[in-house]
Amino acid sequence: MLFFESMRLINYILLTFALGIAVSCADDKGGVDFVLEQNTIKMEAVGGVEKIKLNASDRWIASTDNPWITVSPANGIGTTTCEFHIDSALTVEPRRGVVRIQNLDTNEEQELVVEQSGFPYGITLANAEVAIDNYDRLENRYFDVVVKSNIDFDVDIPEDVAWLSSEEYKLSLNRGQRPREVKVRFKWNINTSAEERIAKIRFTPKQSVEMAEQDVLSVTQEAAEQIVPDTRAGDSIALLNIARTLGTLASWESSEPMDMWSYVTLWDESMEGCTPEKVGRVKRAEFTMFRTKESLPFEVRYLTAADELYFFGNTNTFLLNIDLGEDITHLTQLRRLTIGSYGLVSLPDSFVNMQGLEYLNLCANNFQSVPTILNKENFPNLRSLVLNANQRSVIYDLSNTTKTNIGGFSDEEEFPKRLLMWDKLDTLILSVNYLQGELPDLMDDPDFPKWTEADINSCDTLPEILIGTPKVLPRTKQFSINLNRLSGDAPMWLLYHPMLDWWTPYSLVFPQEGRAADGTQSGFDNEPASLRDYYYKHYVNKKLANVVEEEYPENE
């Protein structure tokens with residue numbers, strides 16, 4: 001019995017020893033070396049993700065001092081495939097970073113070196129070719145170009161490409177010179193030519209550097225609709241295009257003949273001044289109630305048979321500062337022209353070409369001064385000049401306003417004497433402006449002729465009191481200067497003017513309002529109470545004007 005117990009103990013000991021050896025062998029066989037399959041990453045400037053396998057048996061953790069490198073996962077147990085996220089480079093210089101992975105059980109470390117290229121200097125375009133129409137509304141005449149660059153640049157538009165311009169832009173490179181996208185807006189003008197035009201726009205670095213890429217923008221604008229000059233068909237296309245560009249509230253139906261178009265008059269043989277080549281062409285055209293921030297459309301120059309053109313009624317006129325372009329000045333045959341309530345602030349020098357004008361109406365615009373080009377030497381045939389209501393806004397006391405661009409000829413330091421010298425005018429309208437100061441006396445002015453005794457003897461209505469006084473506007477039948485800021489004494493040439501009674505003086509001459517810029521109260525100090533008190537005592541052969549009788553019935 002004892003023998004068997006001894007043998008059982010020996011077998012148990014041998015079995016335990018064998019199991020220990022087996023376990024020890026198994027542990028040696030399952031161990032894994034702590035190692036990265038790759039110790040270097042070479043990355044392009046744009047950045048990206050690199051996957052690398054980490055062999056491990058124990059716990060581990062990854063760390064780096066470089067914020068542009070991210071490891072995912074950043075810790076773990078055993079073998080794992082790690083993703084190394086590399087941010088986009090910031091500069092043109094290359095950079096280097098290190099990732100350390102530590103075995104937390106053995107403190108063993110592995111290092112991964114990341115080498116990233118820098119961005120080369122370059123200016124690239126999302127779209128290097130742009131095609132635009134020949135025409136569109138002003139608010140639609142632009143296009144945007146997305147520029148990708150890691151260096152600030154200037155937009156280089158050739159000098160002969162005046163029809164393109166660029167707005168200001170801001171390229172933010174506050175975190176280094178990596179490529180950033182910026183939107184550059186270009187504005188374009190209408191193509192008035194019957195030929196397509198192309199512009200090459202370059203983006204020039206503001207620094208002297210070597211460029212790896214540098215795109216060029218190509219802009220192609222389609223040709224304008226061809227208008228055959230001096231033809232009826234050309235006139236109809238011009239009218240339609242003018243109405244389209246101005247944005248008139250109502251236009252014409254192109255399928256209908258021009259004879260049926262409202263506010264358009266065509267020449268026929270019965271009209272005075274008609275010639276065979278004018279028959280059927282536009283004699284007069286009217287454009288009202290429109291919306292534009294630009295000068296008259298270029299197509300106006302094709303209305304070469306027109307005798308009269310009428311433009312009136314732009315929207316938000318008081319906000320506009322429009323320089324009249326030169327297209328209208330090609331119409332040297334025009335006799336009557338109205339450009340009212342348009343927003344004009346200036347006339348071109350070429351306006352002098354329109355010497356055939358007999359009637360000119362520039363009312364309700366925004367002129368700060370009377371255009372100097374308007375004088376009798378430049379316009380010898382002009383008979384009517386209408387320049388009233390050039391106020392942007394109503395200001396009764398000019399001395400208390402801080403506004404600078406208020407229109408109304410407020411920049412005129414004194415009454416424009418040259419207008420009074422225009423001896424061939426029969427109509428001069430200057431009402432409702434901001435003309436200031438006194439009317440010039442002109443008694444001692446050598447530039448003004450004086451009424452002579454011969455003048456008086458040649459007309460039985462002229463009184464002797466006129467002899468020796470300035471002969472101002474002798475042919476003017478309508479003269480109005482009311483509701484300005486004039487002050488002082490009304491001069492003798494005005495008080496005794498042969499046409500004063502027909503000028504409706506108590507409505508259209510004498511009444512002034514408000515104060516001038518120097519604080520002077522407006523109004524004539526010597527305004528007569530009635531023409532009967534003095535005027536008709538000298539003009540004894542004149543018939544009393546009805547308008548005076550109606551205004552002063554108590555004097556009958």
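Reader: In this predicted model, how many bridges join strand 10 to strand 12?
Author: Strand 10 covers residues 122–125 and strand 12 covers residues 142–149, and the two run antiparallel. Within this pairing, L125 has V147 of strand 12 as its bridge partner. The number of bridges that join strand 10 to strand 12 is three.

Reader: Which strands are the edge strands of the open sheet?
Author: The open sheet has five strands with mixed pairing, in the order 14-15-12-10-17.

Reader: Which element gives the most to the largest nonpolar core?
Author: The largest nonpolar core has 86 residues, and L309, F351 and L374 are those with the most contacts inside it. Several elements each supply at least two residues of this core, among them helix 2 (232–246), strand 20 (282–290), strand 21 (308–314) and helix 7 (535–538). The element that gives the most, with five residues, is helix 2.

Reader: How many residues does the other core have, the one that lies apart?
Author: This other core lies apart from the largest one, and F143, L171, A199 and V219 are among its residues. The number of residues in this other core is 26.

Reader: How far from E299 is the nearest side chain of opposite charge?
Author: E299 is found in the loop between strand 20 and strand 21, and leaving out residues up to four places away in sequence, E299 touches I227, A238, N241, I242, R244 and T245. Although E299 is buried, it has no salt bridge, a salt bridge being counted when the side-chain nitrogen is within 4 Å of a carboxyl oxygen.

Reader: Is P449 buried, partly exposed or exposed?
Author: P449 lies in the loop between strand 28 (436–437) and helix 4 (453–458), and leaving aside neighbours within four places in sequence, P449 is in contact with T469, P470 and K471. P449 and V472, 23 residues apart in sequence, are 8.2 Å apart in space from C-alpha to C-alpha. Because its relative accessibility is 48%, P449 counts as partly exposed.

Methods
Residues are numbered from 1 along each chain as its sequence is written. This is a predicted model: local features need pLDDT of at least 70, side-chain atom pairs count only at pLDDT 80 or more; totals for chains, interfaces and linings use all residues. Side-chain values use heavy atoms; hydrogens and water are left out. Helices (H or I, at least four residues) and strands (E, at least two) are DSSP runs, numbered from the N terminus. Buried means under 20% relative accessible area, exposed over 50%, partly exposed in between (1.4 Å probe, protein chains only). Contact means heavy atoms within 4.5 Å. A nonpolar core is a set of buried Ala, Val, Leu, Ile, Met, Phe, Trp, Tyr and Cys residues joined through side-chain atoms within 4.5 Å. Lys and Arg count as positive and Asp and Glu as negative; His and the chain ends are not counted. Two strands pair if DSSP finds at least two bridges between them.
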